Protein chains: 2
Amino acid sequence: MASTNTKQANAVKTLQTIQTEVQGSNRIALSVDCVIFGFDENKLKVLLIRSDLKEYLGKWSLLGDLVGGNEDIHDAAYRILKERTGLDDVYLEQVHTFGTVDRHPAGRVVTVAYCSLINVQHHKLKILDNELHWHDVKSISELAFDHQEIFETCYRWLQKRIQEHPLGFNLLPKKFSLRDLQNLYEAILDTKMDRRNFRKKFFAMDFLIDLDEMEQDVPHRPGKLYKFNFEKYARRKKKWVGIDF
Amino acid sequence: MASTNTKQANAVKTLQTIQTEVQGSNRIALSVDCVIFGFDENKLKVLLIRSDLKEYLGKWSLLGDLVGGNEDIHDAAYRILKERTGLDDVYLEQVHTFGTVDRHPAGRVVTVAYCSLINVQHHKLKILDNELHWHDVKSISELAFDHQEIFETCYRWLQKRIQEHPLGFNLLPKKFSLRDLQNLYEAILDTKMDRRNFRKKFFAMDFLIDLDEMEQDVPHRPGKLYKFNFEKYARRKKKWVGIDF
DNA sequence: AAAATAATGTGTTTATTTTACACATTAAAA
DNA sequence: TTTTAATGTGTAAAATAAACACATTATTTT
């Protein structure tokens with residue numbers, strides 16, 4: 001609870017003083033953990049790796065690594081993604097920082113959780129590591145460290161976020177049908193929606209571009225393909241006040 | 001961009017190996033910065049302190065401190081609040097972590113930003129530090145370090161958050177009038193609202209308890225006083241899906 | 001004491017958004 | 001050719017949000 005270095009709270013400090021503190025004994029290992037979501041076979045997946053630690057053998061864990069002393073935390077997250085998935089043009093967003101004292105058996109490690117959404121099809125071409133596995137989010141349990149908590153925080157974040165921002169399209173191929181899109185939302189939110197109202201809603205938003213193409217090789221009547229108009233979305237006038245607890 | 005310690009990505013590591021890394025050279029100073037909001041004279045305020053650093057003399061900065069090597073980051077945030085405001089039963093929530101390499105002149109310091117909402121009346125009794133000042137959020141500029149960016153991130157967070165959660169009541173006295181509440185929302189969201197619709201909305205939510213008391217010492221017809229029913233709010237059934245970009 | 005003032009407190013109408021719901025169409029499969 | 005299982009579309013009802021005006025009350029002013 002107590003830190004050693006600021007009981008005389010308001011004395012004016014010199015850069016010298018601060019430097020001493022910053023280089024002092026209470027420096028902490030900082031890591032980044034990535035919760036990498038994918039969407040495959042109409043199920044929401046998360047990419048896990050068998051724990052690095054022999055002590056956690058058999059447990060799955062998030063993809064993480066220490067942040068370099070000279071490395072931006074955001075860069076660290078991208079580095080991990082690149083190393084693990086081979087992808088470098090991915091959606092990535094910081095979610096939360098976990099800083100309890102005993103969360104890591106090796107010592108004090110504070111970790112910053114990032115969420116990433118990737119296109120599994122795209123990724124499959126590059127995956128090469130059989131310690132990695134796409135897990136169905138519905139059957140996640142008993143992760144190593146506090147990764148269960150981190151995962152749950154990120155999953156809740158995704159559920160909320162996807163309702164307010166067009167993140168989900170990062171999980172789909174560039175061209176998708178409205179059924180694909182609805183399956184995605186239903187999988188992430190774990191609910192069923194009315195097909196007609198769902199379509200009406202997205203058409204009304206007017207961010208979908210009709211590609212005048214049809215699905216190929218589907219075992220039923222093919223649906224039309226669309227892509228998301230990110231440019232138009234960026235230019236939207238954002239709606240504002242609406243109190244709703 | 002590169003860290004030294006995980007190029008052989010998938011080798012199984014022992015606790016020993018990890019410990020070496022965790023105690024290694026890339027440990028980082030971690031700090032917490034608190035964006036403390038208050039509401040006074042119908043204006044949203046933020047509590048700032050003259051920079052600790054002589055080098056930043058004249059600049060205002062957020063209230064922060066290094067996190068102790070054995071201190072939970074959340075505890076660190078509470079500690080700072082307690083030290084600076086004398087208050088310990090405050091609303092506090094983590095917002096974002098800022099981790100660019102050069103954000104602090106004294107060396108590598110990654111900082112976790114927390115937002116706090118406090119009751120200024122309550123706080124005034126305990127304030128004792130004339131290096132501290134409540135600034136109107138509308139006239140914030142040129143803060144020390146990257147605190148301008150941190151502040152703006154937290155302010156946007158508050159604007160969004162207050163529309164979805166009953167945070168705002170932490171800024172008001174326990175007993176408040178509906179006019180107080182509307183003034184609060186108008187100040188935070190920087191907008192005007194229709195009084196009748198505002199009241200209708202909050203009454204419909206049914207989380208306000210009518211105290212059967214009136215305002216005292218106001219230079220006009222006194223309004224009724226209410227308090228927020230946090231217990232009932234906690235038991236609400238939360239509404240769910242509603243896609244709206 | 002009366003009149004003027006400046007706020008509180010309330011209700012209705014309209015527009016918008018959301019929900020519920022059913023049938024025709026198309027391509028693949030049988 | 002028939003069957004099947006999906007796509008594609010429209011409308012009515014309900015709920016929510018927005019626009020809007022007047023009576024009431026306590027204070028202040030005259």
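Student: Which conventions apply here?

Tutor: The model is predicted, so local features need pLDDT of at least 70 and side-chain atom pairs count only at pLDDT 80 or more, while totals for chains, interfaces and linings use all residues. Residues are numbered from 1 along each chain as its sequence is written, chains are lettered from A and ligands numbered from 1 in the order in which they are written, and side-chain values use heavy atoms, with hydrogens and water left out.

Student: Which residues come nearest to DNA strand C?

Tutor: A residue is near a strand if one of its heavy atoms lies within 4 Å of it. DNA strand C has 18 residues around it, and A:Arg196, A:Arg221, B:Arg195, B:Arg196 and B:Arg221 come nearest. Of the atoms of DNA strand C that come within 4 Å of the protein, 43% belong to sugar and phosphate.

Student: Which side chain has an N or O atom 2.8 Å from a base nitrogen of DNA strand C?

Tutor: Look for polar contacts: pairs of N or O atoms within 3.5 Å; within protein, one must be able to donate a hydrogen and the other to accept it, and residues adjacent in sequence count only if both atoms are side-chain atoms. The side chain is that of A:Arg196. A:Asn197 also has a side-chain N or O atom 3.0 Å from a base nitrogen of DNA strand C. Two elements give two or more residues to the surface near DNA strand C: α6 (195–205) of chain A and α6 (195–205) of chain B. Helices here are DSSP runs (H or I, at least four residues), numbered from the N terminus.

Student: How do the residues of that surface near DNA strand C divide by class?

Tutor: Ala, Val, Leu, Ile, Met, Phe, Trp, Tyr, Cys and Pro count as nonpolar, Asp, Glu, Lys and Arg as charged, and the others, Gly among them, as polar. Near DNA strand C there are 2 nonpolar, 4 polar and 12 charged residues. Near DNA strand D the division is 1 nonpolar, 4 polar and 12 charged.

Student: How many residues surround DNA strand D, and which are the closest?

Tutor: There are 17, with A:Arg195, A:Arg196, A:Arg221, B:Arg196 and B:Arg221 the closest. Sugar and phosphate make up 42% of the DNA strand D atoms that come within 4 Å of the protein. For the bases, A:Lys200 has a polar side-chain atom 2.8 Å from an oxygen of DNA strand D. B:Asn197 has one 3.0 Å from a base nitrogen of DNA strand D.

Student: At what angle do α5(A) and α6(A) pack?

Tutor: Two packed helices are described by the angle between their axes and the distance between the axes. Axes are lines fitted to C-alpha atoms, for helices over the stretch in contact, and angles run from 0 to 180 degrees between N-to-C directions. For α5(A) and α6(A) the angle is about 105 degrees, and the axes are 11 Å apart. That makes the pair roughly perpendicular (under 35 degrees is roughly parallel, over 145 roughly antiparallel, 65 to 115 roughly perpendicular, the rest oblique). Contact means heavy atoms within 4.5 Å. In α5(A), A:Leu178, A:Arg179, A:Leu181, A:Gln182 and A:Tyr185 meet A:Arg195, A:Phe198, A:Arg199, A:Phe202 and A:Phe203 in α6(A). This contact has 6 nonpolar, 1 polar and 3 charged residues.

Student: How do the axes of α4 and α5 of chain A cross?

Tutor: Helix α4 (residues 147–164) and helix α5 (residues 178–189) of chain A have axes that come within 9 Å and cross at roughly 140 degrees. α4(A) and α5(A) are therefore oblique to each other.
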